[in-house]
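Here are a few notes to read alongside the model. Have a look at the fold first, then at the charged pairs.

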Amino acid sequence: MSGTSYMEQELRSQPGTWREAAKIGGADGPLPGAGRRVAVVGCGTSWFMAQAYAALREGAGLGVTDAFAASEAFLGAGRGYDTVLAITRSGTTTEVLRVLEEVKGRVPTVTVLGDPDTPATELSDATVPLPFADERSVVQTRFATTALALLRAHLGADLSGAVRDAEEALAAPVEKEWLDAEQFSFLGTGWTYGLANEAALKMREASQSWTESYPAMEYRHGPISIAAPGRVTWVFGEVPEGLEADVARTGARFVHHDRDPLADLVLVQRIALERARARGLDPDNPRSLTRSVMLTAAGEGVAG
């Protein structure tokens, strides 16, 4: 496949969408303030952004923050949540809508979403719409990172450096070794573990590649056994002491960059896109996936 895909257009727009999101996140709005106990829910990519946000918020001492896959969220009264924050690009994902319905009238809800003209808006007590970050490609790039940029800004982060790093990541060369690699393992610590999960998902979705993801300190507890020549171990954020040397002994390629980890995810998105093209795949319409997962009563997925 050649030519410009929606995925390419959307991933290249990220510095601009992050700037816009930073303005919204830095202003007064409905996102949960300091001290509130927050449950963050999402599916797929949105769940991984929830993981990153939860680690950032609680790590900053702003309150208990738990991230759940929407289908596995524990939101009973005994957990004492003050806010449920949902992340959904489409606003139609069945599991997210079920959570919003379940807690309606019991726990205040805020939803960050790409399309405000959807059922999630009606079910939420408040929304933060990001229509400028919505996407036509099935494979998410800019909505996910823009939602996290919004949330980072709300936590007080200055995103100017991340934006500059994203611009650099868009211009950085995509190495042939990355395009030819047999396997990728993505690692992270703290908030960047969510990014590692998302990087692996992006590579699977777009290019049907063999990818795995782990907390960086867990990698040596078994998963490093798959590291070998022709494979890549990619670390987002802090590198545990001795890990690079351990990977080098396996013959695998160790990759770590000093840029903002969210910007490094942009580079991985580009690699996923180019690997898809090299395999003759359509990154905008990956196999067995649709833009939104909507379940019928029988539990079967239908396009949303």
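1. Strand 6, helix 9 (residues 192-207) and strand 7 form a right-handed β-α-β unit; right-handed here means that, with the strands pointing away from the viewer, the path from the first strand over the helix to the second runs clockwise. Helices (H or I, at least four residues) and strands (E, at least two) are DSSP runs, numbered from the N terminus.

2. Keep in mind that this is a predicted model: local features need pLDDT of at least 70, side-chain atom pairs count only at pLDDT 80 or more, and totals for chains, interfaces and linings use all residues. Residues are numbered from 1 along each chain as its sequence is written, and side-chain values use heavy atoms, leaving out hydrogens and water.

3. Strand 6 (residues 183-188) and strand 7 (residues 210-215) run parallel, joined by 6 bridges; strands pair if DSSP finds at least two bridges between them. Gly188 sits opposite Pro215.

4. Check Gln208, in the loop between helix 9 and strand 7: its phi is near 55 degrees, positive although the residue is not glycine. Gln208 is partly exposed because its relative accessibility is 35% (buried is under 20% relative accessible area, exposed over 50%, partly exposed in between; 1.4 Å probe, protein chains only).

5. Arg277 and Glu8 make a salt bridge at 2.6 Å, N to O (a side-chain nitrogen of Lys or Arg within 4 Å of a carboxyl oxygen of Asp or Glu). Arg277 lies in helix 11 (residues 261-278) and Glu8 in helix 1 (residues 6-12), so the pair ties together parts 269 residues apart in sequence. Both residues are buried.
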